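Dear colleague,

Please find below the structure that I am handing over to you. My notes on what was found in it follow directly after.

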Amino acid sequence: MALLELHGIGKSYGAVQALSNVSFSIAPGEIVGLMGDNGAGKSTLVKIVAGVFPPSEGTMSFDGRDVRFQAPVQARSAGIEVVHQDLALADNLSAAANIFLGRELHRRFGLIRLLDHAAMEQRAAQLFGELKSETRAADLVRRMSGGQRQAVAIARTRLANAKLIMMDEPTAAISVRQIAEVLALIGRLREAGIAVLLISHRMPDVFEVCDRVVVMRRGRVVANKSIAQSSPQEVTGLITGAVEAA
Amino acid sequence: MSDFTNVRPVSWHARGGLTSQTAYVALALVLLSLVMSAVSPAFLTIGNLSNVLTNFSYLGIAALGSTVVIITGGIDLSVGSSMAFSAIITALLFRSLGNTALVDIPGAVMTLSVFGGLAAGGLIGLVNGLFIARVGLAPFVTTLGMLSVVRGLCYALTSGQGVNINGADSNLFFRLSDGVLFGVPVPLVYLVGLALLMGLLLHHTAQGRYVFAIGGNERAAALTGVPVTRIKIGVYVISGLSAAVAGILLGGWLGSVPANLADGYELHIIAASVIGGANLAGGAGGPLGAIVGSALIEVIRNGLVLARVNTYWQDSFVGTIIIAAVCVDRLRSRLGR
């Protein structure tokens, strides 16, 4: 049974048709790669699923229910999380603070609720351990490398117990060692029954970890096939238009 | 796994707290105080120190609220006018409630008058907050407009004349606003209490964290579910309330509230916050910085008076310190790279 189903999703901005008739589905525990050149509509599609704005046409269902999100918080409470390309982190806060932003842990002092810094840092360190990341929970994000910032962003989705995690270019700005670890983590998400939509330009990463690949060009889906039945050459052709559809 | 082999522990003097702007300014404050006590024997007398501590408390209390706004990346130029407006409302309430049956209840006139003044300050903050957070106007322009609107109200309400605080409960009010508690001027007690409260709220509550998050990356804060609009309105209300406290205490010290109370004070308040380490771009600042910044400004003013420098030079000196402080901050971050 599909977790996410898109039927005929379309989005237009005045004269620009950013998306036309996009339909595909993602099953629980499935990892789908979303590929396409700049301007293909990948970010727009992710924003619609993430609840940033509703589509101009088409319908969407998540977890068996028809949904039409008007705000990101609605998508999040349904179980959809996004790791943005710029990671949406507050530089002036620590890693633990960023992970728990909006869902802080508290301690009670009689009638007053105060932040439980120790518990948050401990849980954050635990999450970083699971991610096998060299990130310290109390460090400021401002002082972190690209890979560590990525770990903070991914740890945040782990905390939310999302059912669908959408990742926008997660391996674009991290170290070689961490690419392997992020891909391994994505594999672990699959084992936990979490679905992942991976937007990526990096063909080797998509072919290593994804079960299926959806290719978009100029706002339309031109291919939706399992990785085993495709090849990097075919996907490249689909992206550029050398191959019309597959 | 975690083997940062090319990173050694940071030495104590290069660690976060001691390299912050606030620490530098605190150091400057100590050095300046030493210099002044050497140059002028009058500096370290009880009378002079008491004056300095009292005067800087008003600035410090208003700077606490101003700092919270600056942390979110905003600014509140209306604080000087709010101080005056709140003080005038309090004084006017003393006058009108003093003619009613409430005089028979001890403390009632004072309590209601002070509450009225605080409410006035909070209301100005609420109006600022609504325009800035709901309507989306720029903080600078909005609060600049409110500065004039409120100052005009001050003149209109008083017809340009001072409002005396006298009658029922006025002595009680003066004791609570201009008295001495265990040898410490009362305004300083309020400053320390409010600073501790603000530190607690900023560093140990979720809402305080949201204030920093909004200043650091407002978009990220909104995306992660931080109630940005509500927090932004809240910080302007806090700014208005702290200005109200400062204004009412100042009225208690003067005994009479002129329409031009704290005229132009907003620049000193913002200067105190910025010198103390609040970054105008948002994301950084704290109550300790507000206190240290206010103390530095007041100590400099006091020093200029004791050195018998022409009072007209005071503004130039304070302005020079502001520029020097941000230069030091720039040098500091460059050295840290």
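**Domains and sheet of chain A**

In this predicted model, the C-alpha centres of domain 1 of chain A and domain 2 of chain A are 28 Å apart. According to the domain assignment, domain 1 of chain A is made of two segments, 1–79 and 162–246, while domain 2 of chain A covers 91–156.

The two domains touch: 8 residues of domain 1 of chain A are in contact with 6 residues of domain 2 of chain A. On the side of domain 1 of chain A that touches domain 2 of chain A, 5 residues are nonpolar, 2 are polar and 1 is charged.

I turn next to the sheet. Four strands of chain A form an open sheet in the order E2-E1-E4-E5, and their pairing is antiparallel. In general, the strands of a sheet pair through backbone hydrogen bonds. Strand E2 (16–26) and strand E5 (65–67) of chain A are the edge strands, each pairing on one side only. On average, and with direction ignored, neighbouring strands of this sheet are turned by 25° against each other.

Within E5(A), A:Val67 is the bridge partner of A:Met60.

Helix H1 (residues 42–50) of chain A lies across strand E1 (4–13) and E2 of chain A, and the helix runs at about 120° to E1(A).

With kind regards

Note on methods. Residues numbered from 1 in each chain as written. Chains lettered and ligands numbered in written order. Predicted model: local features only at pLDDT ≥ 70, side-chain atom pairs only at ≥ 80, totals over all residues. Domains from an automatic or database assignment. Contact = placed C-beta atoms within 7 Å. Nonpolar A, V, L, I, M, F, W, Y, C, P; charged D, E, K, R; others polar. Pairing = 2+ DSSP bridges. Helix = DSSP H or I, 4+ residues; strand = E, 2+ residues; numbered from the N terminus. Axes fitted to C-alpha atoms, helices over the stretch in contact; angles between N-to-C directions.
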